[in-house]
Amino acid sequence: MSQFPLQHAPHGRAPEAPAPPAIRNRDDAIRLCAGIETTMEAVLQMIEAETTLLRKGQRIAAAELEARQGHYARRYIDELASVGAVGADLDYFLPGSVDRLRRLHEQFCAVLRIDMAALATAREAAKTRLAAPAAPQAAPPPARAVSAPPAAPIRDPRLARVAAE
């Protein structure tokens, strides 16, 4: 879990952004970068899990995940703001880290767009299933000799580590 938890504001007021962390040494810089990467992966995993739950017809569990996604999305935004505030210190103690985070952010956004499109499709399908009247049960079709297994996902949902670049 990141060191920058979501701050809840009283009703009617916007939450205040957390103060940027002090980067006093290499360990602080590594901790900040690791926290951001962990948050990115958490966001993607939650979106993927919500999509899976919706496809299985588990709307209540999916709605609970959707609420938690807001927490991680806000945390990610706060962490990005922290990088903006302490970027020079971050690069001083961990050279190249800001550029690496920038590349990772771009990759995250690309994967996020794909995941959000899949989630939107799953949400729409779930609404359609809920709205459709129940049809009378027909006799099942005769069994085929061989059926193909379901297709595997086309992409790997995890972020590739940009650190190797």
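**Figure 1. Asp-28 in helix 1.** In this predicted model, Asp-28 has its place in helix 1. Its relative accessibility is 7%, so Asp-28 counts as buried. The side chain of Asp-28 makes a polar contact with the side chain of Arg-31, at 2.6 Å. Leaving aside residues up to four places away in sequence, Asp-28 touches Ala-22 and Ile-23.

**Figure 2. The salt bridge between Asp-28 and Arg-31.** The side chains of Asp-28 and Arg-31 meet in a salt bridge, with 2.6 Å from N to O. Side chains of opposite charge can pair when their charged atoms come close. Asp-28 and Arg-31 are three residues apart in helix 1 (residues 26-55), so about one helical turn separates them. An α-helix has 3.6 residues a turn, so residues three or four places apart point the same way.

Figure 3. Helix 1 has 30 residues. From its first C-alpha to its last, helix 1 reaches 44 Å, close to the 44 Å expected at 1.5 Å a residue. At the N-terminal end, Asn-25 caps helix 1. A side-chain oxygen of Asn-25 lies 3.1 Å from the backbone nitrogen of Asp-27. Just after helix 1 comes Gly-57, which takes a positive phi of about 85 degrees.

**Figure 4. The salt bridge between Glu-37 and Arg-100.** Glu-37 forms a salt bridge with Arg-100, and their closest N and O atoms are 2.1 Å apart. Glu-37 lies in helix 1 and Arg-100 in helix 3 (residues 97-131), so the pair ties together parts that are 63 residues apart in sequence.

**Figure 5. The salt bridge between Arg-123 and Glu-50.** The closest N and O atoms of Arg-123 and Glu-50 are 2.9 Å apart, and the two residues form a salt bridge. Distant parts of the chain are linked by this pair, with Arg-123 in helix 3 and Glu-50 in helix 1, 73 residues apart. Arg-123 has a relative accessible area of 27% and is therefore partly exposed. Glu-50 has a relative accessible area of 1% and is therefore buried. How many salt bridges does the count come to? The count comes to eight, and the pairs Asp-28 with Arg-31, Glu-37 with Arg-100 and Arg-123 with Glu-50 are among them.

**Figure 6. The largest nonpolar core.** The largest nonpolar core has 29 residues. Leu-32, Ile-36 and Leu-90 are the residues with the most contacts inside this core. Helix 1, helix 2 (59-93) and helix 3 each supply at least two of its residues. Which helix gives the most to this core? Helix 1 does, with 12 residues. In soluble globular proteins, nonpolar side chains tend to be buried together.

**Figure 7. The surroundings of Ile-36.** Ile-36 is one of the residues with the most contacts inside the largest nonpolar core. Not counting residues up to four places away in sequence, Ile-36 touches Tyr-76, Glu-79, Val-83 and Leu-101.

**Figure 8. Arg-74 in helix 2.** Arg-74 lies in helix 2. With a relative accessible area of 31%, Arg-74 is partly exposed. Arg-74 and Thr-39 are 35 residues apart in sequence. In space, 10.0 Å separates Arg-74 from Thr-39, C-alpha to C-alpha.

**Figure 9. The setting of the close-ups in the protein chain.** The secondary structure of the protein chain comes to three helices and zero strands. Along the sequence, the pattern reads α-α-α. The protein chain has 165 residues, and buried residues make up 32% of them. Among contacts in the protein chain with a separation of 6 or more, 79% are accounted for by residues 24 or more positions apart. The accessible surface of the protein chain comes to about 11100 Å². Carbon and sulfur atoms account for 60% of that surface.

Note on methods: Residues numbered from 1 in each chain as written. Predicted model: local features only at pLDDT ≥ 70, side-chain atom pairs only at ≥ 80, totals over all residues. Heavy atoms only, no water. Salt bridge = Lys/Arg side-chain N within 4 Å of Asp/Glu carboxyl O. Helix = DSSP H or I, 4+ residues; strand = E, 2+ residues; numbered from the N terminus. Buried < 20%, exposed > 50% of the residue type's maximum accessible area, 1.4 Å probe, protein only. Expected span 1.5 Å × (residues − 1). Polar contact = N/O pair within 3.5 Å; in protein donor to acceptor, adjacent residues only side chain to side chain. Contact = heavy atoms within 4.5 Å. Areas by Shrake-Rupley, 256 points an atom, 1.4 Å probe, with all protein chains shown as cover. Core = buried A, V, L, I, M, F, W, Y, C linked by side-chain atoms within 4.5 Å.
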